[in-house]
Amino acid sequence: MNDIELKNVSKSFGERQVWDAFSCTFKAGEITCIEGASGCGKTTLLRLIAGIEQPDSGTVTGVPERIAFVFQEDRLCEDFSARSNLRFVCGSSKTKAELSAHLKELGLDAGSHQPVRTFSGGMKRRVAIARAICFDADCILLDEPFQGLDAELKQSVMDYVLRYTKGKTVICVTHDHSEAEYLGGRTILFPPSDNLT
């Protein structure tokens, strides 16, 4: 697994320039938290790494083939159950018992057969996180993954993420410094004052 490297990346949307010759390295197998206010380009950075957006100039290299993305929106299959949402991304790579265990760890086992459209926002968020974890990717991109969770629940979900991402490259966007501190690893403040390696 390689480091993910952005070299001299520039990106604009119409007249709005988000990045100008930005360079940064994300170390393989480590957690990096990106912290900053709304609108400073954090989500755009994740989308560039995921290949959803393309840079206007510069390069993004070292991104592994298997990546998982927890978007700010849950993006679940609303008519599917929680377990079926997990099965949708992991296929036969995990048993029914394993999927149930993931849901149980996140306090979702009681409603695992119900369509997720009936879930609360916090429950949907946990399904979205479990789905990304169960995909068993080499790199996991998290865009404000813990929004909408109360303090006690947030800590247990962060523990779950830490437990299942050991040795993986994790890039987590947050505006909450306490989340970055809890997850550990490296923290990058956005907008950055200069290029980062």
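Contact here means heavy atoms within 4.5 Å. By that criterion, and leaving aside neighbours within four places in sequence, L183 is in contact with I31, C33, F146, M158, L162 and C172. The structure is a predicted model, in which local features need pLDDT of at least 70 and side-chain atom pairs count only at pLDDT 80 or more, whereas totals for chains, interfaces and linings use all residues. Residues are numbered from 1 along each chain as its sequence is written, and side-chain values use heavy atoms, with hydrogens and water left out.

**Nonpolar cores**

A nonpolar core is a set of buried Ala, Val, Leu, Ile, Met, Phe, Trp, Tyr and Cys residues joined through side-chain atoms within 4.5 Å; buried denotes under 20% relative accessible area, exposed over 50%, and partly exposed in between (1.4 Å probe, protein chains only). The largest such core has 34 residues, and those with the most contacts inside it are L86, V127, I129, L142, F146, Y160 and L183. Helix 4 (residues 121-134) gives the most to this core, with 7 residues. Apart from it lies another core, of 22 residues, among them C40, F71, L141 and I171.

Helices (H or I, at least four residues) and strands (E, at least two) are DSSP runs numbered from the N terminus. Axes are lines fitted to C-alpha atoms, for helices over the stretch in contact, and angles run from 0 to 180 degrees between N-to-C directions.

| Pair | Axis separation | Angle |
|---|---|---|
| Helix 2 and helix 3 | within 10 Å | roughly 120° |
| Helix 2 and helix 4 | 8 Å | about 30° |

Helix 2 is therefore roughly parallel to helix 4. Helix 2 and helix 3, in turn, are oblique to each other. Angles under 35 degrees count as roughly parallel, over 145 as roughly antiparallel, 65 to 115 as roughly perpendicular and the rest as oblique.

Towards helix 4, the residues A82, N85, L86, V89 and C90 of helix 2 meet V127, A130, R131 and C134. This contact divides into 7 nonpolar, 1 polar and 1 charged residues. Ala, Val, Leu, Ile, Met, Phe, Trp, Tyr, Cys and Pro count as nonpolar, Asp, Glu, Lys and Arg as charged, and the others, Gly among them, as polar. Towards helix 3, A82, R83, L86, R87 and C90 of helix 2 meet K96, L99, S100, H102 and L103. By class, the contact of helix 2 with helix 3 has 5 nonpolar, 2 polar and 3 charged residues.

A37 is found in the loop between strand 3 (31-36) and helix 1 (42-50). A37 is exposed, with a relative accessible area of 52%. In helix 1, the buried residues include K42, T44 and L45.
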